[in-house]
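Here are some notes to read alongside the structure, written for someone meeting it for the first time. Please keep the 3D view open as you go.

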Amino acid sequence: MEELKNPLLCDPAEGICAIPDSTTGTTVSVQTADKPIKVLYFTDPICSSCWGIEPQLRKLKLEYGNSVEIEYRMGGLLPDWSYNSGGISKPSDVAHHWDEVSVHYDMPIDGDVWLEDPLASSYPPSIAFKAAQMQDKAKAVLFLRELRELVFLKKKNIAKWENMALAARKVGLNVDQLKADVDGKAKTAFEDDLKLARSMGVRGFPTLFFANNQGNGEVVYGTKPYSFYEVAVLKLHGNATKKEYGKDPQSLFSVYRSLTAKEYGELSGTPRATAEAQLDELTAQGYLEKLTTKNGSIWTKK
């Protein structure tokens, strides 16, 4: 891992997009909330490994949402392009890497955004997310998902205000208020997240700190199979009960309006090939709309 100094050169095998010159902390200090387990999730809007964790994270919310509260924190993956290492020194170098990451996670990513309309930094959409949190935490999570779909699938530069505003309108945020907060207090909230990440030794994304009311903690570092996150929950809250949820397409799309084949397979327990066939059939029936990229597709409820 030592050679991975560029934040956009992610290591799919470890499931992490690493920050240069940082170390992993060994202590967990998380203020717990109403639910038995609090999770601090450090992420970034353009972190490809964080896109890879979406299937597992969505399943965790469905199965253990009664026991687990997830608090999203921004980590600041790409401040600017002053990095010149690890084979990535300019935006165009990221394009092929993202294509490789897409195959590894089986999540659609079109790296051509880095050729057509590259981002100068991931800080603007991160600050916008903090502004969204100030309005509505649930809508902020939807906003982050929209930002990711824009950059990973639709090749949109989400550091541009017009694209952030597009995502905000789609999830029902007050766009004027968002802009005011982006230009104001959201910057301080983002800086607070960066300080917290440093104090907790976060060295890459995704990093999830699990903690219970007794002060015990577990850390899951990187995109891992679902069992890793489930085990962390059960270690800290042995009485956590797995909630049964509807695994049919109608039920799943009523919770999550867009799903990739990997996500649908993970949530429904359907084999990957069967999952895609089912989604295509629902598209043919007019229930879903399919967006296809060069590295996979996503299906959205009409």
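1. A word on residue classes first: Ala, Val, Leu, Ile, Met, Phe, Trp, Tyr, Cys and Pro count as nonpolar, Asp, Glu, Lys and Arg as charged, and the others, Gly among them, as polar. With that in hand, the lining of the largest pocket divides into 13 nonpolar, three polar and 13 charged residues.

2. Some ground rules. This is a predicted model, in which local features need pLDDT of at least 70 and side-chain atom pairs count only at pLDDT 80 or more, while totals for chains, interfaces and linings use all residues. Residues are numbered from 1 along each chain as its sequence is written, and side-chain values use heavy atoms, with hydrogens and water left out.

3. Back to the pocket. Its space comes to about 750 Å³, a volume being the space filled by probe spheres set on grid points that are joined across faces, edges and corners. On a 1 Å grid over the protein atoms alone, a pocket is an open set of points where a 1.4 Å probe fits, with protein on both sides within 12 Å along at least five of seven lines; lining residues have an atom within 4 Å of a point. There are 29 lining residues, and the closest to the centre of the pocket are K61, Y72, A138, V141 and L142.

4. Which elements supply at least two residues each of that lining? They are α2 (54-64), β3 (68-74) and α6 (137-152), and α6 gives the largest share, with nine residues. These names follow DSSP runs numbered from the N terminus: helices are H or I of at least four residues, and strands are E of at least two.

5. Next, look at the open sheet of four strands, ordered β3-β2-β5-β6 with mixed pairing. Two strands pair if DSSP finds at least two bridges between them. At the edges stand β3 and β6 (217-221), each with a single partner strand, so one side of each has no neighbour in the sheet. From one strand to the next, the twist averages 20°. Inside this sheet, β2 (residues 37-43) and β5 (residues 207-212) run antiparallel and are joined by six bridges, with I37 opposite N212 in β5.

6. Two helices lie over strands of that sheet. Helix α2 lies across β2, β3 and β5, at about 150° to β3, and helix α9 (residues 185-199) lies across β2 and β3, at about 105° to β3. Axes here are lines fitted to C-alpha atoms, for helices over the stretch in contact, and angles run from 0 to 180 degrees between N-to-C directions. Contact means heavy atoms within 4.5 Å.

7. Another open sheet has three strands in the order β7-β9-β8, with antiparallel pairing. Its edge strands, β7 and β8, each pair on one side only, and neighbouring strands are turned by 25° against each other on average, direction ignored.

8. Strands β7 (residues 258-260) and β9 (residues 296-301) share three bridges, and L259 stands opposite W299 in β9. Strand β8 (residues 288-293) pairs with β9 over six bridges, and the two form a hairpin with two residues between them. Along β9, T292 faces S297, K290 faces W299 and L288 faces K301.

9. Helix α13 lies across β7, β8 and β9, running at about 125° to β8. How does this helix meet its neighbour α12, and at what angle? Helices α12 (residues 261-268) and α13 (residues 272-284) pack at about 110°, with their axes 9 Å apart. The two are therefore roughly perpendicular, a term that covers 65 to 115 degrees. A261, K262, Y264 and G265 of α12 make the contact with R272, A275, E276, Q278 and L279 of α13. By class, the residues of this contact are four nonpolar, two polar and three charged.

10. Finally, two backbone details to check. The peptide bond joining F205 and P206 is cis, with omega about 0°, and P206 lies in the loop between β4 (204-205) and β5. D106 has a phi near 55°, a positive value in a residue other than glycine; this residue is found in the loop between α3 (92-105) and α4 (113-116).

Key: Angles under 35 degrees count as roughly parallel, over 145 as roughly antiparallel, 65 to 115 as roughly perpendicular and the rest as oblique.
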